[in-house]
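Keep the viewer open as you read.

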Amino acid sequence: VQLNIDNCAKEIAVFCDDVTAFAHPIDILTTSAFVGSYDPTPRTVFHALYKIGISVQRLAKDPEYDLRDPCHIWVSKEIALKNKNIKRIGCVELIGRHFLSSDGFDEEQTMINSIRSYFHMLDIAAIHGVDVTTVALPLLGGGRQNSSGDTVLIPLINECIAFLKRNPGAKNIYFIMTPLHLTHYRQKFSA
């Protein structure tokens, strides 16, 4: 989707691709994880990154922006790997597996709030000179967290649009999905 914001062309696009082999440069690759869990488990984004030499565990130990205590979000320092299209990793930490836990804690709303806080953290990073031209997101919560993403998709897109409006330097937001996730959303929204 092409957007014209203040006479500036911006884009939100969906790709079906391997995020580690993505053809376009990515300034910040946004990921999700359970709180404090950055293991490179097979068939996860963290594993794919690990295979190309990016350890999310290592990056999480000394991030550039760390708001894990209040908001469960962080952004890494710039990654020092040549010939890689990913400059930084950002992470939204999820608190649990279920959207409404037995004690009534609304995890869906917590995730939406974390996403909102994450984009505000990117605002702060941009003000301090971090390049946010292209932000890429796989389906947050779609890996080991087993979230379908349905409940946060619209708020996530709204936050992406608001982020593009607030930041003159932000130009592209790319959703990079697996074939399974892409099929799910095609079926859901074509019905």
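Which residue takes a positive phi in the hairpin of strand 1 and strand 2? That would be Asp6, with a phi near 50 degrees, in a hairpin that leaves two residues between the strands. Before going further, note that this is a predicted model, where local features need pLDDT of at least 70, side-chain atom pairs count only at pLDDT 80 or more, and totals for chains, interfaces and linings use all residues. Residues are numbered from 1 along each chain as its sequence is written, and side-chain values use heavy atoms, with hydrogens and water left out.

Strand 1 covers residues 2-5 and strand 2 covers residues 8-16, and they pair in the antiparallel sense over four bridges. (Strands pair if DSSP finds at least two bridges between them.) Leu3, for one, has Lys10 in strand 2 as its bridge partner.

Now zoom out. The protein chain has six helices and eight strands; these are DSSP runs numbered from the N terminus, H or I of at least four residues for helices and E of at least two for strands. Along the sequence they follow the pattern β-β-β-α-α-β-α-β-β-α-β-α-β-α. Of the contacts in the chain with a separation of 6 or more, 67% are between residues 24 or more positions apart, a contact being heavy atoms within 4.5 Å.

Buried here means under 20% relative accessible area, exposed means over 50%, and partly exposed is in between, with a 1.4 Å probe and protein chains only. In a regular strand, side chains alternate between the two faces of the sheet.

What does strand 7 pair with? Strand 3 (residues 26-34) runs parallel to strand 7 and is joined to it by two bridges, with Leu29 partnered by Ala136. Strand 8 (residues 172-177) is also parallel to strand 7, joined by four bridges, and there Ala136 stands opposite Tyr174.

As for burial overall, 45% of the 191 residues in the chain are buried. Two cysteines make a handy contrast: Cys91 counts as buried because its relative accessibility is 0%, while Cys71, at 22%, counts as partly exposed. The structure holds zero disulfides, defined as pairs of cysteine sulfur atoms within 2.5 Å.
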